[in-house]
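Good morning, and thank you for making time for this presentation.

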Amino acid sequence: MMVIKALSKQLFGAKYERVGKSLLTCLILFLAVNAAEMHLSIAPSVLFLTATAFSMGTMWQTLDSARNQEFLKGFFLLPFACGQMTLLVALAFSGYTLITKTSVLLALFFSVGKWSTAQIMTALLCACNGCLMAAAGYAMMGRQRRRPALWPVERKFCGAWPLLFWWGGMLCAIFLVRELPVFIVILSVSLLLSVLLLRAADDYAFYRPAAVRVPAIRSAGTGNVFLYLLRCLATNRSYLLNTAGLCGIAAALPFILGPLEGLNVLPLGFAILCMNTPLCVLLSRDPGLEQAVRMLPGQAGRFCIRYGLFLFLVHMGVSGVYLASWELGRGGVGGEEILAALLIAMQSAVLSVLLEWRFPIRGWKIESDLWHHPRKYIVPLLMMLAAGGMGIWPGSVWILGGILSAEIPGLWWAAGRM
């Protein structure tokens with residue numbers, strides 16, 4: 001209990017203030033959606049899948065956070081009982097994920113749909129199962145092992161293939177098992193299996209120092225900001241996976257937005273695809289880099305210009321996939337659509353850089369706090385308003401282009417003066 005309490009204080013604050021903030025956010029969201037009388041018909045399998053997948057992904061991000069290694073290093077300097085550390089750390093991080101991240105999503109689902117008590121409890125059980133499955137999978141994918149006598153067993157049952165069968169079996173159970181009691185039994189078995197795997201894992205399974213896990217991002221070189229940003233993208237799996245996921249969404253988005261009629265919805269896709277959260281919080285994620293940039297004279301403007309250009313190229317690359325998919329599936333891509341993609345990519349890059357420079361995120365505990373921060377929705381919402389104007393009045397594309405061409409020099413000059 002001391003380990004869980006110490007970790008909880010690190011994650012929630014000295015007085016657990018984040019617990020109250022998260023629960024208050026869930027309550028406000030639930031009441032606001034209920035007051036708006038927004039009701040949707042959602043299948044229980046969609047609720048269970050969302051609770052499981054979102055909890056798994058967030059839990060994996062939490063465990064893979066570089067900031068966690070600092071927490072765990074302090075614990076391993078103190079005496080602890082062998083065979084308990086991995087399970088205790090998994091329970092502490094599961095509580096953090098469920099309270100601060102999954103609870104907001106579940107509050108939204110519970111407010112827009114009509115659910116029975118059994119379905120609500122099953123959804124909560126799915127969220128817990130997703131967290132522990134991610135923790136067990138993360139431990140199984142680790143390089144270190146626990147007891148030498150169990151090495152042949154661990155070597156046989158630890159790896160990617162058992163995880164794929166396990167997670168695939170849970171996915172099939174969510175969609176194929178119709179009887180709720182039977183599904184609850186399957187969830188209970190999965191939870192028990194996760195606990196047993198975590199008890200049998202090495203005590204250092206979650207301790208993976210950044211110097212061992214990934215190549216060093218900062219290295220001696222020419223000091224080129226653009227090369228630094230490329231190394232960040234190449235050596236950080238979160239950046240790569242998020243960008244690859246956006247490319248996958250861009251390829252599928254025309255088949256989702258295309259059937260909608262009465263409005264030119266093609267520009268809305270550009271606004272959705274500009275939400276590359278990890279790349280837009282580069283300074284917030286690395287306080288040392290921010291301090292170095294702010295201290296050196298004349299570096300703010302140089303860095304912001306290159307950072308904005310880098311974001312523009314990434315956004316435009318993803319938008320290019322979206323345009324190609326739209327042309328292949330729907331057709332009708334012309335000069336105005338390409339111009340809209342250029343304008344939205346450039347405007348979102350400018351706003352993201354200025355927002356990151358003027359209002360960096362402070363007081364975060366782990367990287368997932370950055371990626372789920374509400375600030376990430378500001379630029380996409382503004383771009384969706386601009387895209388909606390383009391859909392209603394195509395001539396607004398040229399107006400937005402004129403505004404952007406007039407404001408960018410002033411914005412970069414202001415960035416250089418900061």
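Does Leu279 count as buried or exposed, and at what relative accessibility? Leu279 counts as buried because its relative accessibility is 4%, where buried means under 20% relative accessible area, exposed means over 50% and partly exposed lies in between, for a 1.4 Å probe and protein chains only.

Before I continue, a word on conventions. This is a predicted model, in which local features need pLDDT of at least 70 and side-chain atom pairs count only at pLDDT 80 or more, while totals for chains, interfaces and linings use all residues. Residues are numbered from 1 along each chain as its sequence is written, and side-chain values use heavy atoms, with hydrogens and water left out.

Let me return to Leu279. Leu279 sits in the loop between H13 and helix H14 (282-285); helices are DSSP runs of H or I with at least four residues, strands are runs of E with at least two, and both are numbered from the N terminus. Leaving aside residues up to four places away in sequence, Leu279 touches Leu233, Tyr239, Thr243, Tyr307, Phe310, Leu311 and Val314, a contact being heavy atoms within 4.5 Å. The C-alpha atoms of Leu279 and Ser238 are separated by 9.2 Å, and these residues are 41 residues apart along the chain.

Now the chain as a whole. It has 20 helices and zero strands. Of its 418 residues, 45% count as buried. Among contacts with a separation of 6 or more, 84% come from residues 24 or more positions apart.

What is the size of the largest nonpolar core, and which residues have the most contacts inside it? That core has 53 residues, and those with the most contacts inside it are Leu7, Leu47, Leu198 and Phe206. By a nonpolar core I mean a set of buried Ala, Val, Leu, Ile, Met, Phe, Trp, Tyr and Cys residues joined through side-chain atoms within 4.5 Å. Several helices each supply at least two residues of this core, including H1 (2-12), H3 (44-63) and H9 (180-200). Leu198 touches, among others, Leu87, Leu132 and Phe206, not counting residues up to four places away in sequence. A second, separate core of 47 residues includes Val225, Phe310, Val379 and Met383. As background, nonpolar side chains tend to be buried together in soluble globular proteins.

I turn to helix packing. The axes of helix H2 (residues 17-35) and H5 come within 8 Å and cross at roughly 10°. Axes here are lines fitted to C-alpha atoms, for helices over the stretch in contact, and angles run from 0 to 180 degrees between N-to-C directions. H2 is therefore roughly parallel to H5, given that angles under 35 degrees count as roughly parallel, over 145 as roughly antiparallel, 65 to 115 as roughly perpendicular and the rest as oblique. The residues of this contact divide into twelve nonpolar, five polar and two charged; Ala, Val, Leu, Ile, Met, Phe, Trp, Tyr, Cys and Pro count as nonpolar, Asp, Glu, Lys and Arg as charged, and the others, Gly among them, as polar.

Helix H11 (residues 225-235) and H12 pack at an angle of about 80°, with their axes 5 Å apart. H11 and H12 are therefore roughly perpendicular to each other. In this pair, Cys232, Leu233, Ala234 and Thr235 of H11 meet Arg237, Tyr239, Leu240 and Thr243 of H12.

The axes of helix H12 (residues 237-257) and helix H13 (residues 266-273) come within 10 Å and cross at roughly 155°. H12 is therefore roughly antiparallel to H13. By class, their contact has seven nonpolar, one polar and no charged residues.

Leu268 is found in helix H13 and counts as buried at 18% relative accessibility. Leu268 touches Met384, Ala387 and Gly388, not counting residues up to four places away in sequence. The C-alpha atoms of Leu268 and Gly388 are separated by 6.8 Å, although the two are 120 residues apart along the chain.

Two loop residues remain. Ile366, in the loop between helix H17 (335-358) and helix H18 (367-371), is buried, with a relative accessible area of 0%. Its C-alpha atom is separated by 6.0 Å from that of Ser65, 301 residues apart along the chain.

Finally, Tyr16 lies in the loop between H1 and H2. Tyr16 has a positive phi of about 55° although it is not a glycine. Most residues other than glycine have a negative phi. At 30% relative accessibility, Tyr16 counts as partly exposed.
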